[in-house]
Amino acid sequence: MKIDVLALFPEILAPALQTGILRRAQEADKLAVNVHNLRDWATDKHKSVDDYPYGGGAGMILKPGPIFSALADLNPGQTAHVIYLTPQGTPLTQALAESLSLETHLILLCGRYKGVDERVRDRLVTTEISIGDYVLSGGEIAALVLIDAIGRVLPGALGDYESAQVDSFSHELLDHPHYTRPAEFEGMQVPEVLLSGHHDNIEKWRYTEALRRTAQRRPALLQKLELTAEDIAILKAAGLTELK
Ligand code: JDH
């Protein structure tokens, strides 16, 4: 997978791209990320990329010229998937990240100020994505979130992920609690079952806790799942019968 990022503040992305799973995915040639400065396609002596909005009002708009020139260079055959990060986009989900991880070339367009001229969206953008219902200062951090979500599910990028997906449905639930040593810390005990070495009981406990957490914190998430008769029995036994 190749990802080109077009941004006014490319330096925001560099450290995160050089860390952890994203670094390893690139070292293993599963992923190539190139971050480009939109200003490199400015044509005037001040390298300007923004201008005042027609119709008036506060804030600046990214001009179409530099973005069209950049996309002509980055996407000459027009085969790439061009994504504009915007609060108006399709909400990012795990399913969307997984589906995008199957593409070969993504171009992520990062806006600033009040966003880009509408003609960029009309002519160049394939997909608009939002990372959530809150307001960021620009698209760079949203692009980073999207790259992180895609990078960790790339085929072969994270050995654990694929096997965990095959193993169980628990990835659709919130995580169960985790503990490490010591077994007692400031008077707080690790649950006995986790120290027992009884792996069937441990699996059952973890699954019950995952169901319990999801029911308590994200009831709508639980409603979407197809619970088995056993799941419902577990929820009832845990005193969460009113939720299903
Ligand atoms: C790209 C510029 C800043 C701030 C207007 C919007 C009231 C418009 N999930 C996400 N949140 N924010 C972004 C994002 C923000 C961006 C750009 C992505 C480019 N900005 C900006 C405020 C407005 N505002 C909210 N309305 C309720 C009007 C842009 C993002 C993503 N992805």
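The C-alpha centres of domain 1 and domain 2 lie 38 Å apart. Domain 1 covers 2-160 and domain 2 covers 171-237; such bounds come from an automatic or database domain assignment. Keep in mind that this is a predicted model, where local features need pLDDT of at least 70, side-chain atom pairs count only at pLDDT 80 or more, and totals for chains, interfaces and linings use all residues. Residues are numbered from 1 along each chain as its sequence is written, and side-chain values use heavy atoms, with hydrogens and water left out.

Now the sheet. It is open, has 5 strands, and pairs them in parallel in the order E2-E1-E6-E5-E7. Strands are DSSP runs (E, at least two residues), numbered from the N terminus, and two of them pair if DSSP finds at least two bridges between them. Which strands stand at the edges? Strand E2 (32-37) and strand E7 (127-130) do, each with a single partner strand, so one side of each has no neighbour in the sheet. Look inside next. Strand E1 (residues 2-7) and strand E6 (residues 105-109) run parallel, joined by 5 bridges. One example: Lys2 has His105 in E6 as its bridge partner.

On to the ligand. Polar contacts are pairs of N or O atoms within 3.5 Å. A backbone N or O atom of Thr86 is 3.2 Å from a ligand nitrogen atom. For Ser130, a polar side-chain atom lies 3.3 Å from a nitrogen atom of the ligand.

Notes. Helices (H or I, at least four residues) and strands (E, at least two) are DSSP runs, numbered from the N terminus. A polar contact is a pair of N or O atoms within 3.5 Å; within protein, one must be able to donate a hydrogen and the other to accept it, and residues adjacent in sequence count only if both atoms are side-chain atoms.
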